[in-house]
Amino acid sequence: MSEPVRVVIGEDDVLLREGISRLLAEAGFEVVAQAGDAEEFLRRSLAHRPDVTVVDVRMPPGHGDDGLRAALELRRQRPETGILVLSQFYEEHYALDLIGEHAEGVGYLLKERVGDVEAFIDAVRRVAAGGSALDPEIVSRMLGRRREDSPLDRLSPRERDVLAAMAEGKSNQGIAQALVVTQAAVEKHVTSIFHKLELDPAATEHRRVLAVLTYLHSES
């Protein structure tokens with residue numbers, strides 16, 4: 001039997017923090033620590049060495065982007081730790097700061113997504129496993145606000161739908177289910193996307209998402 005995924009939660013809203021903890025525990029995660037401010041979150045994350053952390057962007061003591069800065073410092077010191085950041089509002093630059101040059105084991109979701117329990121739990125699992133989870137709203141805006149003469153203009157509308165789903169972290173099967181198409185059709189679109197964007201078609205889902213997110217980062 002495999003060991004449960006270990007989690008540290010950083011959130012100053014006690015009710016939300018306890019709610020997230022309960023959801024994760026019921027899904028089989030082991031919540032090893034909770035924190036109500038950014039400094040405590042960083043200390044406990046470094047001490048407990050969790051597989052993944054869930055942290056709010058805005059936390060005490062400054063109530064600015066303290067949580068994000070703590071997450072970035074954790075990523076610098078423990079790059080193997082997955083980090084899923086929650087934000088009350090859409091802030092693209094927060095997502096881009098977190099992704100940096102390496103999208104492995106990072107996620108950025110709007111807080112409202114926690115209410116979609118299945119999707120939230122799936123995002124935590126993906127990030128813990130070294131994958132990515134980017135909020136659909138952010139993906140949509142990043143794809144919609146692009147430079148003139150962008151390589152994205154080479155994509156068909158369906159390929160853009162597939163690319164957006166890839167950037168969210170969905171597998172081929174997940175994309176097929178979301179778009180109501182066959183998995184073979186998704187694989188064909190993915191191959192075409194890599195070709196049109198001149199991206200090396202890596203063998204794993206992990207590297208595929210990394211390539212897409214890196215590309216989106218370069219377009220911002």
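The exercises below concern a predicted model and come with worked solutions. Local features need pLDDT of at least 70, side-chain atom pairs count only at pLDDT 80 or more, and totals for chains, interfaces and linings use all residues. Residues are numbered from 1 along each chain as its sequence is written, and side-chain values use heavy atoms, with hydrogens and water left out.

**Exercise 1.** State the strand order of the sheet and find its edges.

Step 1. Helices (H or I, at least four residues) and strands (E, at least two) are DSSP runs, numbered from the N terminus. Two strands pair if DSSP finds at least two bridges between them.

Step 2. The open sheet has six strands, ordered β2-β1-β3-β4-β5-β6, with parallel pairing. At its edges lie β2 and β6 (132-134), each of which pairs on one side only.

Step 3. Ile 9 has Val 54 as its bridge partner in β3.

**Exercise 2.** Describe the largest nonpolar core and the surroundings of Val 85.

Step 1. A nonpolar core is a set of buried Ala, Val, Leu, Ile, Met, Phe, Trp, Tyr and Cys residues joined through side-chain atoms within 4.5 Å. Buried means under 20% relative accessible area, exposed over 50%, and partly exposed in between (1.4 Å probe, protein chains only).

Step 2. The largest core has 28 residues; Phe 41, Val 55, Ile 83, Val 85, Tyr 108 and Leu 134 touch the most other members.

Step 3. Contact means heavy atoms within 4.5 Å. Leaving aside neighbours within four places in sequence, the contacts of Val 85 include Val 55, Leu 68, Leu 98 and Tyr 108.

**Exercise 3.** Compare the salt bridges Arg 44 to Glu 40 and Asp 161 to Arg 158.

Step 1. A salt bridge is a side-chain nitrogen of Lys or Arg within 4 Å of a carboxyl oxygen of Asp or Glu.

Step 2. For Arg 44 and Glu 40 the N to O distance is 2.8 Å; both lie in α2, four residues apart. For Asp 161 and Arg 158 the closest N and O atoms are 3.8 Å apart; both lie in α7, three residues apart.

Step 3. Glu 40 is buried because its relative accessible area is 18%, while Arg 44, at 34%, counts as partly exposed. Asp 161 at 38% is partly exposed, and Arg 158 at 31% is partly exposed.
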